[in-house]
Amino acid sequence: MVGHRSVDVGGVRLAYQVSGPPEAPPLVLLHALGEDAADWDVVAPVLARSWRVYALDLRGHGRSDWPGDYSLQLMRDDVLGVLDALALDRVDLIGHSVGGVVAYLFAEEYPQRVDRLVLEDAPVPRSREQSTPIRPDGELTFDWEMVLAVRRQIDTPDPGWLENLSKITAETLAVAGGPDSHIPQEGIAELVHRVPRGRVVTIPAGHLIHNAEPTMFVEAILRFLRPSDDGPAAAIAPGG
């Protein structure tokens with residue numbers, strides 16, 4: 001059963017979905033740009049068999065507040081605020097795409113709070129050619145101003161983010177989407193090289209790995225997070 005809850009962090013209401021046994025170890029999920037906690041619904045039920053799963057809506061997304069003040073550093077510190085509000089000391093942390101950037105920034109800044117880290121097709125923090133995104137038509141489930149702010153940081157990241165990857169102490173798994181992903185795969189290889197305890201697995205599903213190949217994704221996650229478990233993950237049908 002999934003619960004919909006929220007906490008106040010510095011005057012910003014941050015929503016999250018929670019599932020799994022209350023006594024189970026905590027696992028935090030961070031979604032991609034423009035998504036929300038529900039993006040994890042295809043894999044969260046399987047993960048919730050072994051973990052207490054907290055899927056967050058990052059600020060400017062979904063049911064969380066849209067405060068108009070946005071940066072990846074603020075999102076990173078929002079994660080800290082949620083963990084503190086929920087009295088979660090150390091967690092396993094999974095982030096997809098921009099959520100992966102937030103996850104490794106968190107693991108750089110607060111290494112003592114992360115046990116194991118999973119980065120799903122997350123870009124390495126290197127400058128890239130800038131482009132102006134085009135706003136989709138209609139009503140959005142996220143703040144377009146947030147997209148513009150975050151894209152600027154992804155295009156021209158703080159150079160310290162790259163250097164500080166060496167400060168991550170958590171065992172780290174990068175899940176790469178292969179040649180069909182728009183994320184440069186050589187950047188993922190560099191990211192893993194810079195993280196002291198990093199490794200990579202490729203699932204050739206493109207950028208949306210956990211939605212396109214949920215069973216393969218969960219099996220890779222379980223092998224990494226629970227390496228002593230030999231049982232296979234249950235098959236997951238696409239879309240649910």
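Let's start in the loop between β6 (114–120) and α4, where Asp121 lies; helices (H or I, at least four residues) and strands (E, at least two) are DSSP runs, numbered from the N terminus. This is a predicted model, in which local features need pLDDT of at least 70, side-chain atom pairs count only at pLDDT 80 or more, and totals for chains, interfaces and linings use all residues. Residues are numbered from 1 along each chain as its sequence is written, and side-chain values use heavy atoms, with hydrogens and water left out.

**Positive phi**
- Asp121 has a phi near 45°, a positive value in a residue other than glycine.
- Asp121 is buried, at 0% relative accessible area (buried means under 20%, exposed over 50%, partly exposed in between, with a 1.4 Å probe and protein chains only).
- Ala87, in the loop between α2 and β5 (91–96), has a positive phi too, near 60°.
- Ala87 is exposed, with a relative accessible area of 69%.

**His61**
- His61 sits in the loop between β4 (52–56) and α2 and is buried, at 1% relative accessible area.
- Leaving aside neighbours within four places in sequence, the residues in contact with His61 (heavy atoms within 4.5 Å) include His31, Trp66, Met75, Phe142 and Met146.

**Helix α4**
- Helix α4 (residues 144–155) has 12 residues and reaches 17 Å from first C-alpha to last, close to the expected 16 Å (1.5 Å times one less than its number of residues).
- Met146 is among the buried residues of α4, as are Trp144 and Ile154.
- The buried residues of α4 pack against α2 (72–85), α3 (98–109) and α5 (159–163).
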